[in-house]
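Welcome, and please open your viewer. Have the selection tool ready, and we will walk through the model stop by stop.

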Amino acid sequence: MDALPINEESNKPWSSKNAGVMHACGHDGHTAMLLGAAKYLAKNRKFKGTVALIFQPAEEVELPSGALRMVQEGIMDRFGISQVFGMHNRPGMEVGKFGIGHGPIMASQDDFDIIVKGKGGHAAHPYRTIDPVVIAAQIILGVQSLVARKTDPLDSLVISITKLKAADAYNVIPDKVEISGTVRTLASELRDFAEREIAAVARGIAHGSGGDIEFKYLRSVPVTFNHAQETTLALTAARNLVGAASVDDKIRVTMGAEDFAYMLEARPGAFVFLGNGASAAVHHPAYDFNDDSLPYGIGYWIELVDTILAP
């Protein structure tokens, strides 16, 4: 459904048999929970209405991701979906506990690429070049100052440089350097700010050193926003299942992103977290989905259907 390009190090009997790919986010577990709920709901049709079970692939890939493509292909209209709900496991949260909140619960994600253009040459004679490596280093530091010095500290904005590619030899100053990174925020206006200011800082630094840049900014995933009525329904279902004490209704917002946000733009709904226990973090080589959480995930979906579609 959704493997990541990571070599698994969980040392479990069920570890990935394919080098370089693993289920490092638990989407195999999410699929199993929804299948369990599907089996029960199909056998015990005690609800009044229609339930559409969405097995969404490709959450981890670049656009169009699975959720966006399903929305674009008309899944909401095709199956008459009026409300939509999602779930994700959360390492560090105790198994059997749920977390949710009204409003923004996960950040938006944008990605950017900067190609720094200079004049290459021999590393022994840097004065004969326009060194894009030095320019790139200054751009990386300059971009980091945008958060520290140009945004309100009470606003949420993360800019991370995650890729850097220069020459392939010790003695070569390249013609260009490639920089890539990601932007996370809870405010749509900060997406505009980041796109504008990252380009301005990079271009200004490059021009000041005699170089230039190419800039590409990709709007990847919007903010995951839980709607009021549907969040209350999700809270009710979770509390009915495990009790109020095991449900955090003001869970801390995470700056991670989730393409289920596209479904929440298409229809009102809510996204909930389910405890995965003391496991390694998602996207870590040692991550392992905790099977002890399966009954709680299955039970949540069944309880949610009973809550919304009680006869």
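The tour below goes from a sheet to its helices, then to a core, a pocket and a second sheet.

A few ground rules come before the tour. This is a predicted model, in which local features need pLDDT of at least 70 and side-chain atom pairs count only at pLDDT 80 or more, while totals for chains, interfaces and linings use all residues. Residues are numbered from 1 along each chain as its sequence is written, and side-chain values use heavy atoms, with hydrogens and water left out.

**Stop 1: the antiparallel sheet**

Select residues 108-117, which are strand 4, and residues 176-185, which are strand 8. Helices (H or I, at least four residues) and strands (E, at least two) are DSSP runs, numbered from the N terminus. Strands 4 and 8 pair in the antiparallel sense over 10 bridges; two strands count as paired if DSSP finds at least two bridges between them.

Next, click on V116. Its bridge partner in strand 8 is V177, and its bridge partner in strand 9 is I213. Strand 4 and strand 9 pair in the antiparallel sense over nine bridges.

**Stop 2: the helices on the sheet**

**Stop 3: the core**

Which residues have the most contacts inside the largest nonpolar core? Select I114, V116, I139, I159, V183 and I198 to see them; the core has 23 residues. A nonpolar core is a set of buried Ala, Val, Leu, Ile, Met, Phe, Trp, Tyr and Cys residues joined through side-chain atoms within 4.5 Å, where buried means under 20% relative accessible area with a 1.4 Å probe, protein chains only. Helix 5 gives the largest share of this core, seven residues.

Zoom in on I114. Among the residues it touches are I139, V177, I198 and F215, not counting residues up to four places away in sequence.

A second, separate core of 22 residues includes F85, A234, V272 and W301.

**Stop 4: the largest pocket**

Select E60, Q109, D111, R184 and H283, which lie nearest the centre of the largest pocket among its 40 lining residues. Strand 1 (84-90), strand 4, strand 6, strand 8 and strand 9 each give two or more residues to the lining.

**Stop 5**

Inside, strand 2 (residues 98-99) pairs with strand 12 (residues 269-275) in the antiparallel sense over two bridges. Click on F98 to find its bridge partner in strand 12, L274.

Technical notes: Buried means under 20% relative accessible area, exposed over 50%, partly exposed in between (1.4 Å probe, protein chains only). Contact means heavy atoms within 4.5 Å. On a 1 Å grid over the protein atoms alone, a cavity is a set of points where a 1.4 Å probe fits but cannot get out, and a pocket is an open set with protein on both sides within 12 Å along at least five of seven lines; lining residues have an atom within 4 Å of a point.
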